[in-house]
Amino acid sequence: MKPSTKPLDQQGRIVVPRAMLESINVEPGDYVDVYLDNNQGRPVVVLERHQDLCVVCGEITTEGVKIANKRICTECASYIKLNRVDDGGQKEVKKSDDNLNVY
Ligand SMILES: [Zn+2]
């Protein structure tokens, strides 16, 4: 996509062209991640669609369930559902390379 030159306003803000927002599949109201990266030694600011992390295993996920605005991936949600404990849920669930372990 062709670069777009925009002036920063007094608060350091810019308006991101709609075509760029559409290319990263976001629309007004969506969350985005902004961070500093490096392009061949030159610092660049990156804007990308926010991706939720599973609060159990830490993997990036767009699937699964959301509870209290926190995402739990499908795999962890299934594991928790299959291994439901009736003792107040005091067990800690951790994900290893191949499976989930309960401690
Ligand atoms: Zn998970």
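Predicted model: local features only at pLDDT ≥ 70, side-chain atom pairs only at ≥ 80, totals over all residues.
Residues are numbered from 1 along each chain as its sequence is written.

Start with the overall layout. The protein chain holds two helices and six strands. Here helices (H or I, at least four residues) and strands (E, at least two) are DSSP runs, numbered from the N terminus. Their order along the sequence is α-β-β-β-β-α-β-β. Of the 103 residues in the protein chain, 8% are buried. A residue is called buried if 20 or more other C-beta atoms lie within 10 Å of its own, exposed if 12 or fewer, and partly exposed in between, with C-beta atoms placed from the backbone. Contacts can be read by sequence separation too. Two residues are in contact if their C-beta atoms, placed from the backbone, lie within 7 Å. Among contacts in the protein chain with a separation of 6 or more, 9% link residues 24 or more positions apart.

Helix α1 spans residues 18–23 and includes L21. L21 has 17 C-beta neighbours inside 10 Å, so it counts as partly exposed. Setting aside residues up to four places away in sequence, L21 touches V16, V26 and E27. V32 is 11 residues from L21 along the chain, and their C-alpha atoms are 9.9 Å apart.

Now return to the hairpin. Strand β1 covers residues 32–39, and strand β2 covers residues 42–49. The two run antiparallel and are joined by eight bridges. Strands count as paired if DSSP finds at least two bridges between them. How many of the eight residues of β1 are buried? The number is zero, so β1 lies largely in the open. For β2 the number buried is also zero out of eight residues, so this strand too lies largely in the open.

The turn deserves a look. Two residues lie between the strands of this hairpin. Q40 sits in that loop between β1 and β2. Its phi is near 55°, a positive value in a residue other than glycine. Most residues other than glycine have a negative phi. Q40 is exposed, because 5 other C-beta atoms lie within 10 Å.

A68 can be read alongside it. A68 lies in the loop between β3 (65–67) and β4 (70–72). Its phi is near 50°, positive in a residue other than glycine. With 5 other C-beta atoms within 10 Å, A68 is exposed.

Where do nonpolar residues gather? The largest nonpolar core has six residues: C54, V56, I72, C73, C76 and Y79. Such a core is a set of buried Ala, Val, Leu, Ile, Met, Phe, Trp, Tyr and Cys residues joined through C-beta atoms within 7 Å. In soluble globular proteins, nonpolar side chains tend to be buried together. Beyond its neighbours within four places in sequence, C73 is in contact with C54, C57, E59, T61, E63 and G64.
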